[in-house]
Amino acid sequence: EARLLARLDHPVLVRVTDYFVEPSGAAFLVMDYVAGETLQHKLEQPKLGYSISDVLGWLIQLCAALEYLHGYRDPATQQLHPVIHRDIKPLNIVLTPAGKVKLLDMGIARVALPGEVTARVARAVTEPFAPIEQYGAGTDQRSDLYALAVTAYVLLTRQLPPSALERVAQPADLKIRAVNRAVPAGLAGVIEKAMAPQAEARHPSVEALRRALELAWVAGERLEQ
């Protein structure tokens with residue numbers, strides 16, 4: 001997996017340049033340095049320093065990176081090796097001085113073989129961003145959709161939602177517009193669908209999510225005009 005990560009090449013992904021294992025067994029990835037500030041840092045500022053349009057732009061860039069990861073093929077064999085990031089959250093997204101985003105920390109990324117799901121437990125460090133299947137049932141590409149949608153929810157509302165376990169134990173609708181009425185209804189609906197606790201209720205792929213985001217934004221602009 002470390003060798004595969006070192007072969008990944010996408011403008012939104014931070015490049016893995018090397019890896020090593022210490023005698024103790026601790027494993028490390030060596031990655032390029034990226035200048036900028038994390039989206040978590042922007043969230044923690046007392047004054048909101050970004051717009052809904054900015055958030056949509058970041059989401060589209062991240063969708064492009066996930067489309068690349070989820071559709072990754074070995075350059076030599078052309079065999080499909082989908083890569084699931086499994087730790088998307090504002091702390092792992094850097095906004096560069098040029099206004100581009102970079103997705104960090106492939107440390108718990110896993111390769112999913114076609115027709116199979118990963119079986120290891122791998123919760124994100126910040127639990128609200130981890131879907132319910134990441135607690136042991138097995139993750140697939142739709143797990144990244146959940147984490148990306150929760151990231152969008154947090155950026156648009158500046159609130160953390162309950163964890164996936166809490167949402168399953170006590171089902172409740174999370175309505176973005178109940179917190180931020182400026183978010184177009186169509187855009188809010190797309191994000192809320194991707195945040196569904198059940199994987200099968202989310203969009204079938206990151207490409208489908210990206211298209212839905214783009215259509216919802218265009219529709220929202222037309223309504224405003």
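Leaving aside residues up to four places away in sequence, V168 touches I132 and P197, where a contact means heavy atoms within 4.5 Å. V168 lies in helix 5, which covers residues 164-169, and the C-alpha atoms of V168 and A196, 28 residues apart along the chain, are separated by 10.0 Å. Because its relative accessibility is 42%, V168 counts as partly exposed, a class that lies between buried (under 20% relative accessible area) and exposed (over 50%), with a 1.4 Å probe and protein chains only.

The model is predicted, so that local features need pLDDT of at least 70 and side-chain atom pairs count only at pLDDT 80 or more, while totals for chains, interfaces and linings use all residues. Residues are numbered from 1 along each chain as its sequence is written, and side-chain values use heavy atoms, with hydrogens and water left out.

The protein contains 7 helices and 7 strands, which are DSSP runs numbered from the N terminus (helices: H or I, at least four residues; strands: E, at least two), and their order along the sequence is α-β-β-β-α-α-β-β-β-β-α-α-α-α. Helix 3 comprises the 19 residues 52-70, and its end C-alpha atoms are 26 Å apart, which agrees with the 27 Å that it should span at 1.5 Å a residue, the expected span being 1.5 Å times one less than the number of residues. Among the buried residues of helix 3 are W58, Q61, C63 and H70.

Of the 225 residues of the protein, 47% count as buried. Among contacts with a separation of 6 or more, 60% are accounted for by residues 24 or more positions apart.
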